[in-house]
Amino acid sequence: MNLLNADLKTLRSYLEDGRISAKELVQFYLDRINKYDDKLKSFVSINEDALSEAEKIDVKRRNGEKLPPMAGIPIALKDNMVTKGLRTTCSSHILENFDPVYDGTVAKQLKEKGFIILGKLNMDEFAMGSSCEASYFGKTKNPWDIDRVPGGSSGGAAAAVSARLVPASLGSDTGGSIRQPASFCGIAGFKPTYGRVSRFGLVAFASSLDQIGPMTWNVQDSVELMKIIGKHDHHDSTSASKNSFEPYDKKLDNLKGIKIGVPEEYFKEGLSPEVEASVKDAIKHLESLGAEIINIRMPHTDYAVAVYYILATAEASSNLARYDGVRYGYRAEAENLSEMYVKTRSEGFGDEVKRRIMLGTYVLSAGYYDAYYLKAQRVRTLIKNDFLDAFAKVDAIVAPTSPTTAFKIGEKVEDPLSMYLSDIFTLSLNLFGGCGISVPCGFDSNNLPIGLQILGNYFDEAKILEIADCYQKNTDWHTKIPTEFE
């Protein structure tokens, strides 16, 4: 059995046929974590009950009891998703010892289908970052080159899947935090339409932008996870009331009749020549599969970074006001309430979180609200209209996921603006609210993965996943595993 490149359906068949037990499968991944994760630092915590949960499943299987479809398959979650009995820290000192008393919706859905949550994955603190260097628990490394970042903020989730420390994971995407690390680590990272997946139990960064999605080594596993988590949830007031996600009944063998837009605004100065070449080769490949390639314009793309960092920091300023040391989380010693507030937040939050809280508080303050926040909301509408105009002409949009491949650890820490620009190609989709995926489409001269981004309209998840799956069926980039972890 080749467990490293076994997808979820294959692992399910191995368990059902008795070729491997749930305990053996969990132990396989725990052994890989023990062997490799000291170097990668992709996990924040491990579920100490994982083996006993697997043993219970094995007993039920031997007794002929009916089991849920994914019974015994391990998965891991980014550490901003609430899990009962398993710490949820957001990789922050302020929540270092927070032990939730309930499961968030996605955790509950996975458990109901039989998944065993193997542990929680490292991230930029409160999902604020593009490199996974802003974690209280240390920097996660890229499996393709441990001197480089895995991307962020879902860097731990991307690195763990890339190194096959877990077969699949869930991340969250606020401005590209699933797609950009997926690109850096050579895996598939899917951001669903805003509202498609419940955010109940997701610790909020920017509530109008955050969305949970699957991070897997192939597209079909993302489809399998979307069948489970892509459902309406009455606990979440922003959960879409549309029917649950359903993939196409017939898989696409080719892309005949599919119109794909290529926006010129995503191929400008700052794009690495090697990334550009690989993405353009991928576009030619899509055309050879029958897709019609159409050049399009998205004229307000250049404003996306500014708009995002106004709106996201404003929402972060509001959302993170709850961490004051009174109700839960870290509390600093102080002589009075006011001093306790200040010391708790000063000691509990890292530099990047403080920076974004201050930016957000500033743009929401009296005298600046109209000049910054209100204007950013208006430009957000223009960006949305660019997407709507494009999707009136095409079925999907393709572009690079990131302007570069993974950069060196420490390279951009002292230059926040340069760090923010690493998300320049992913931010617009979150402002729009549609769906999108990053899939590997090549490697640069340093053997670092390059990501192709495929973007879709509201609730066009099935179409985008099928286009990505068709591309993967005709390429083998996604089957590559970092040599050191084979």
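This is a predicted model: local features need pLDDT of at least 70, side-chain atom pairs count only at pLDDT 80 or more; totals for chains, interfaces and linings use all residues.
**Ground rules.** I took local features only at pLDDT of at least 70 and side-chain atom pairs only at pLDDT 80 or more, while totals for chains, interfaces and linings use all residues. Residues are numbered from 1 along each chain as its sequence is written, and side-chain values use heavy atoms, with hydrogens and water left out.

**Cores.** I looked up the nonpolar cores, meaning sets of buried Ala, Val, Leu, Ile, Met, Phe, Trp, Tyr and Cys residues joined through side-chain atoms within 4.5 Å. For burial I used under 20% relative accessible area as buried, over 50% as exposed and partly exposed in between (1.4 Å probe, protein chains only). The largest core has 140 residues, and Phe 126, Phe 387 and Ile 437 touch the most other members. Helix H9 (residues 304–319) gives this core its largest share, 10 residues. I also noted a second, separate core of 5 residues, with Val 149, Phe 184, Ala 406 and Met 419 among them.

I then listed contacts (heavy atoms within 4.5 Å) for Phe 126. Leaving out residues up to four places away in sequence, Phe 126 touches Cys 90, Ser 92, Ile 94, Leu 95, Val 203, Phe 205, Leu 320, Tyr 323, Phe 349 and Val 353.

**H9 against H11.** Helices here are DSSP runs of H or I, at least four residues, and strands are runs of E, at least two, numbered from the N terminus. The axes of H9 and helix H11 (residues 351–364) come within 7 Å and cross at roughly 100°. Axes are lines fitted to C-alpha atoms, for helices over the stretch in contact, with angles from 0 to 180 degrees between N-to-C directions. I therefore logged H9 and H11 as roughly perpendicular (65 to 115 degrees). On the H9 side I found Tyr 309, Ile 310, Thr 313, Ala 314 and Ser 317, and these meet residues of H11 including Arg 356, Ile 357 and Leu 359.

**Strand S9.** How many residues of S9 (residues 396–400) are buried? I got 5 of the 5, so S9 is largely enclosed by the rest of the structure. Strands pair if DSSP finds at least two bridges between them. Strand S7 (residues 259–263) runs parallel to S9 with 2 bridges, and Gly 261 has Ile 397 as its bridge partner. Strand S11 (residues 449–456) runs antiparallel to S9 with 4 bridges, and there Ala 399 has Gln 453 as its partner.

**Val 101.** I found Val 101 in the loop between strand S2 (74–78) and helix H4 (105–112). Its relative accessibility is 70%, so Val 101 counts as exposed.

Key:
Angles under 35 degrees count as roughly parallel, over 145 as roughly antiparallel, 65 to 115 as roughly perpendicular and the rest as oblique.
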